[in-house]
Amino acid sequence: MTLKGSCENIVQSSDSHVEEDYILKLHSYVVARDYGFAPNPFYGFCTLATCKPKIRAYAKVGDWIVGTGSNSRKREGRIVYAMRVSETMSFHDYWRDERFRSKRPNLRGSKKQAFGDNIYHKDTKTGRWRQEDSHHSHPDGTPNNNNIKHDTQTDRVLISDDYVYWGGNGPVIPKRFRNFKGFDLCGGRGHKNSFPVVLIAEFVAWLRTRGEKGLCGSPFDWTKSP
């Protein structure tokens, strides 16, 4: 099974309510590697706990995160997942929260256990980050310092209990969202979050009318491993 890997590049927060006068945003990006790790859509929550540090820093409760398919995987123009941020917390709190204990990685378990994203916590004696043996560590289980540095530059996990994850079965994005007064919902390099409110409202309405929720498919890249 292909388990190890790396991702691409500040705020600590533990908010669970929408700020007054805040205009909700939609953050769109390309999911270059879809293993069910970032995002992790299992056990009743969709979580973004690794990679995409800028999105994890800037997204607020109530915002939408949309991951679109990669051109290199021949999935361009499709949705991988959409999640409404319902809660955020630090790595420390994520590690200790009983709701997310099942998201701690177990490389000897099932695929969804192996790709657990609850991998960071601090050593109580040294204060340094500890990285569990996981998709982001080295093949021999030792910590991958590059991934540690990249992931922990934003000590914040995005959590959603209002999401749809299709993985490799994602629908084609309707044409009207590919050229909405010049705006394209599909992410490109980095991420996009300057969409007009009307586009966001119409996209969410379209999403709701599909009637799907939660885990609706398997990660695309699981087909590469036994």
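What you see is a predicted model. Start with strand β3, residues 64-68, which is mostly covered: five of its five residues are buried.

Which way do the side chains go? W64, V66 and T68 point one way from β3, while I65 and G67 point the other way. Residues on both of these sides are buried, and buried here means under 20% relative accessible area.

Now the neighbours. Strand β1, residues 26-30, runs parallel to β3, and five bridges join the two. If you want a position to look at, find H27, which stands opposite I65 in β3.

Strand β4, residues 79-84, is also joined to β3 by five bridges, but β3 and β4 run antiparallel.

Next, the whole sheet. How many strands form it, and in what order? There are six, in the order β10-β1-β3-β4-β9-β11; the sheet is open and its pairing is mixed. Why is one side of β10 and of β11 left without a neighbour in the sheet? β10 (191-192) and β11 (214-215) stand at the edges and each has a single partner strand, so one side of each has no neighbour there.

For β10, that partner brings us back to β1. Two bridges join β1 to β10, and these strands run antiparallel.

Note on methods:
Residues numbered from 1 in each chain as written. Predicted model: local features only at pLDDT ≥ 70, side-chain atom pairs only at ≥ 80, totals over all residues. Heavy atoms only, no water. Buried < 20%, exposed > 50% of the residue type's maximum accessible area, 1.4 Å probe, protein only. Helix = DSSP H or I, 4+ residues; strand = E, 2+ residues; numbered from the N terminus. Pairing = 2+ DSSP bridges.
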